[in-house]
Amino acid sequence: MIIGHTDNDGSADHNLILSKKQAEVVRRKFEGAGVDYDQGEVCYYGELKPMLSNDNVENKKFNRRVEIRVYKRD
């Protein structure tokens with residue numbers, strides 16, 4: 001699972017689109033490296049799920065991220 005996030009700078013709509021683009025770039029990088037991504041999922045939340053509060057520049061750096069989660073299949 002690839003999950004895109006942003007800080008709260010800009011509009012909520014812009015941030016949602018930006019987080020989707022960021023997650024898609026990571027997905028394409030994996031595919032370009034030969035990773036079979038047919039069973040994968042791309043999610044994006046924009047500014048909705050910050051890691052830290054968006055009250056200063058340092059925290060915003062942590063909120064602009066793409067998470068990669070790997071799950072074991074049974």
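This note covers the salt bridges and one surface patch of a predicted model.

1. Basis. In this predicted model, local features need pLDDT of at least 70 and side-chain atom pairs count only at pLDDT 80 or more, while totals for chains, interfaces and linings use all residues. Residues are numbered from 1 along each chain as its sequence is written, and side-chain values use heavy atoms, with hydrogens and water left out.

2. Salt bridges overall. The whole structure holds 7 salt bridges (a side-chain nitrogen of Lys or Arg within 4 Å of a carboxyl oxygen of Asp or Glu).

3. R64 and D7. These side chains form a salt bridge at 2.5 Å, N to O. The pair links distant parts of the chain, 57 residues apart: R64 is in the loop between α2 and β3 (65–68), D7 in the loop between β1 (2–5) and α1 (12–32). Helices (H or I, at least four residues) and strands (E, at least two) are DSSP runs, numbered from the N terminus. D7 counts as buried because its relative accessible area is 4%; R64, at 41%, is partly exposed. Buried means under 20%, exposed over 50%, partly exposed in between (1.4 Å probe, protein chains only).

4. Within α1. E31 pairs with R27 at 2.7 Å between the closest N and O atoms. They sit 4 residues apart in the helix, about one turn. E24, R27 and E31 are linked in a salt-bridge network.

5. Nonpolar patch. M51, L52 and F62 form it on the surface, with about 290 Å² of accessible area together. Patch residues have over 30% relative accessible area and no salt bridge; like charges are joined within 9 Å, nonpolar side chains (Val, Leu, Ile, Met, Phe, Trp, Tyr) within 5 Å. Areas come from the Shrake-Rupley method with a 1.4 Å probe; for residues, only the protein chains shown count as cover. L52 lies in the loop between β2 (42–44) and α2 (57–63).
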